[in-house]
Amino acid sequence: MALDLAKFRSWARIPHTEDDPAIGIAWSAAVRELEERTGWCVESVTRTQWVPAAPVTIYGGLYLRLERQGDVAGTTVAYSDSTTVPLTGTCVKVVINGLIYVDMDIDNLTYPVTLTVTAGNAALNPLLEMALLQRVAHHVASRGDDTVALDSTYWDRITGMMGKGIG
Amino acid sequence: MAGHVPSGMLRLSMTAQNPVRTVDDYGQAETSWISVAQIACHIETARTNEVIGDLGVNTRSDWRIIAAFHPSVTNNSRLVYQDNGTERVFHIRACWDRDQKRRRLEIEATEETA
């Protein structure tokens with residue numbers, strides 16, 4: 001989900017376009033902050049995930065939870081193992097309790113394995129989307145004001161509210 | 001003060017209008033109003049006075065309004081508010097951006113009562 005300026009302006013009750021560059025900066029920061037805090041990717045990003053050893057069997061399979069979560073359709077995961085000529089391929093995705101896992105039951109795979117995860121571009125959960133808009137509104141409201149500290153507990157409270165489905 | 005008004009308090013959506021003056025057939029200036037923006041407002045205080053007008057005693061209401069900043073809203077503008085079907089017009093006498101952050105406008109307005 002890319003930044004929808006009109007949507008944000010409506011949300012934050014900003015009737016003019018003069019803040020648009022600042023809103024863009026705040027949006028990028030909030031999106032990145034969400035990813036760092038929760039693993040939830042709003043816009044499409046490519047990240048690597050290091051898998052030192054085979055996952056333990058859960059839900060009856062060698063399922064590994066992805067550190068980066070996005071919508072399922074927009075997520076691709078490629079594996080590459082540690083042999084001299086790496087064994088590479090694409091992992092099979094499994095969704096359990098709203099989270100994306102990959103099936104690591106792959107023949108002749110030698111650990112450690114590097115996963116290249118492309119996640120995001122999601123149709124966002126409406127609650128998460130609202131939380132993101134609100135966070136951007138905080139950033140925009142406090143911009144350039146060094147007397148306002150960033151609320152570091154914001155995403156902790158939001159993820160507490162979400163319960164599950166967030167990394 | 002203005003910096004401390006969260007946007008959640010700006011609950012009234014008013015139409016900001018600016019004057020357009022044209023000259024009519026007799027050479028007189030005619031004022032019409034063109035809407036420039038919907039801005040979110042919060043009415044802070046109101047004060048009503050009795051004043052002496054042409055036809056005797058009148059009432060006049062002064063309002064203090066906090067609004068979302070809009071660059072086109074000036075001392076010449078007016079705000080129109082649809083209050084449950086009644087159109088109310090607030091003439092802006094003064095407006096300023098107190099913290100110079102282009103975030104809020106503090107407005108002193110006088111309500112027009114027909």
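Okay, let's start with how chain A is laid out: it splits into domain 1, made of 5–40 plus 124–162, and domain 2, which covers 45–119. If you take the centres over C-alpha atoms, domain 1 of chain A and domain 2 of chain A sit 30 Å apart.

Before I go on, keep in mind that this is a predicted model. Its scores are ipTM 0.74 and pTM 0.78. For chain B, the average pLDDT is 89, and 96% of the residues reach at least 70.

Now, some helix packing in chain A. How do helix H1 and helix H3 of chain A pack? H1 is residues 5–12, H3 is residues 126–141, and the angle between them is about 75 degrees, with the axes 10 Å apart. Angles from 65 to 115 degrees count as roughly perpendicular, so that's what we call H1(A) relative to H3(A).

Which residues meet there? From H1(A) we have A:Phe8, A:Trp11 and A:Ala12. Across from them, H3(A) brings in A:Leu133, A:Val136, A:Ala137 and A:Val140. Sort that H1(A)–H3(A) contact by class and you get seven nonpolar residues, with no polar and no charged ones.

Next up, the sheet. Chain A has an open sheet of three strands, and the order is S2-S6-S5, with antiparallel pairing. Which strands are at the edges here? Those are S2 (63–65) and S5 (92–96) of chain A, and each of them pairs on one side only. Going from one strand to the next, the twist averages 40 degrees.

Let's zoom in on one of those pairings. S5(A) runs antiparallel to S6 of chain A, residues 99–103, and five bridges join the two.

Last stop, where the two chains touch. How many residues are in contact on each side? Chain B puts in twelve and chain A puts in nine. On the chain B side, the largest share comes from strand S2 of chain B, residues 29–53, with four residues. And what kinds of residues does chain B use to touch chain A? Seven are nonpolar, three are polar and two are charged.

That's my tour, so over to you.

How values were computed: Residues are numbered from 1 along each chain as its sequence is written. Chains are lettered from A and ligands numbered from 1 in the order in which they are written. This is a predicted model: local features need pLDDT of at least 70, side-chain atom pairs count only at pLDDT 80 or more; totals for chains, interfaces and linings use all residues. Domain bounds come from an automatic or database domain assignment. Two residues are in contact if their C-beta atoms, placed from the backbone, lie within 7 Å. Ala, Val, Leu, Ile, Met, Phe, Trp, Tyr, Cys and Pro count as nonpolar, Asp, Glu, Lys and Arg as charged, and the others, Gly among them, as polar. pLDDT is the predictor's confidence in each residue, from 0 to 100. Axes are lines fitted to C-alpha atoms, for helices over the stretch in contact, and angles run from 0 to 180 degrees between N-to-C directions. Angles under 35 degrees count as roughly parallel, over 145 as roughly antiparallel, 65 to 115 as roughly perpendicular and the rest as oblique. Two strands pair if DSSP finds at least two bridges between them.
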